[in-house]
Amino acid sequence: MKATALNQTHRDMQAKMVDFGGWDMPLHYGSQLDEHHRVRSDAGMFDVSHMLALDIKGEAARGYLRRLVANNVDKLTQPGKALYSCMLNQEGGVIDDLIIYFLTESHFRTVVNAGTAEKDLAWMQARRDEIAPGLEIIPRRDLAMIAVQGPNARAKVWQVIAGSQAETENLKLFQAIFFGKYFIARTGYTGEDGFEIMLPAVDAADFWNALHAAGVAPAGLGARDTLRLEAGMNLYGQDMDETTNPLESGLGWTIDLKSDREFIGKQSLLEKPVAQQLIGLILLDRGILRSHQKIVIQYDANTGQGGGEGEITSGGFSPTLNQSIALARLPLNVAAGDEVRVVVRDKMLRAKVVKYPFVRNGKILV
Amino acid sequence: MSIPNDLKYTKSHEWVRLEDDGTATIGITQHAQELLGDMVFVETPKVGRKLKQGEECAVVESVKAAADVYAPIAGEVAAVNPDLESAPEKINQDAYAAWLFKLKSVNAADLANLLDYAAYQKILESEENQ
């Protein structure tokens, strides 16, 4: 199994390790719920070094990305600015979702998911050979990535990286900066403030331990998933993949159909009907929503029939709401406030349709 | 890992204690709660339901996953643990105290099919080595 530079550090902290797409990663360090609450109320840290950073270098970088991804890289005008985007195939399916940092006109950096990294790299290299043959695409497995998240996360980082406060306290959301050996970005996957920090993998354990000493709680993939679900952030492979339409997956805001830029997958998307939407659910009955559970809309208890169907893409227990929530793909005629039924084992549980996010910056929004 | 030696166990990680009054108390093992992690939902069988040995009769759900619970022995559900609806985390705190349900009119002969402490320990060791 593949291991990050922090593997032994996790084990030393009594992490429960799991196989996550071929990576040996911490699920939790005792209690996933405690870790979740620590991130919402204070500060937690995640090893996300299994994700792959790629440097894209060359004069043709921007032109290449204009064609490669669905969001518009021309929104990136200030060095350090980041953009969330999907990378689509010709059919408009989602190969992966990624973040692109604009560093200079000849240097962009992107971060892709761990489970799709090899597929992504092969796709990007093949498109490079067509679009911009001289461009360099450099995998950065020499870097570790640590996400420090929570209302106190930035202050804890400032304690640990001497001199970093003055340089990073005015960083806006989705903005990054190099500071010494660190690449510090004000981004995250939890719905809380904080930084995602890249640094040389050889220095990762010392940095992690220093953050821990400053009071940052180690948090595993379990808490990462409940936090991102509450924050209403898509998870690749669950909420979207190569077979789903991003416009039916809550990703319309990232797909630039307005400019005349011809990105890969655009024509297919324009031709596809959009019949579904991604929307939130809160379970009203007792139980837990899970991905792939079937949803029945306009359910008539007398006949046992419904007026349409949908499916949960991501479901689970929300520690902040103390009830179960989900992201679900449902027909367009379903709206916030509606009640639907979810088939859970032999029961038809009642759930309320809501707009997500469920939680942002520690506050419940639904 | 601590395994009480006065209980009987199943391969599916339930424990059973035969009480002095002839009823049986059932829960899930420490190993099961460790595998599942933080418990967030428990669905217990209805009082009065008659269960066969091995019948699916309860569900425990953690943040991570849902797991079915099987009746280790036949009997009629006499009581369910009222604490678990609002505090499923009690299973994490002490899996051998946080019982799920009690059976009466049990088929005591079914106990002979169950694992004792040593046999259950062996199963856990073989799972560890997988």
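Two strands pair if DSSP finds at least two bridges between them. Helices (H or I, at least four residues) and strands (E, at least two) are DSSP runs, numbered from the N terminus. What you have open is a predicted model, where local features need pLDDT of at least 70, side-chain atom pairs count only at pLDDT 80 or more, and totals for chains, interfaces and linings use all residues. Residues are numbered from 1 along each chain as its sequence is written, chains are lettered from A and ligands numbered from 1 in the order in which they are written, and side-chain values use heavy atoms, leaving out hydrogens and water.

**Stop one: the barrel**

Select residues 276–283 and 323–331 of chain A: these are strand 14 and strand 17, paired antiparallel over seven bridges. Click Gln276(A) and you'll find its bridge partner, Pro331(A), in strand 17. Now widen the view: six strands of chain A close into an antiparallel barrel, in the order 14-17-16-15-18-19.

Contact here means heavy atoms within 4.5 Å.

**Stop two: a helix pair**

Go to helix 5 (residues 153–160) and helix 7 (residues 204–213) of chain A, whose axes come within 9 Å and cross at roughly 120°. Axes are lines fitted to C-alpha atoms, for helices over the stretch in contact, and angles run from 0 to 180 degrees between N-to-C directions. Show side chains: helix 5 of chain A brings Lys156(A), Val157(A) and Val160(A) to the contact, and helix 7 of chain A brings Phe207(A), Ala210(A) and Leu211(A).
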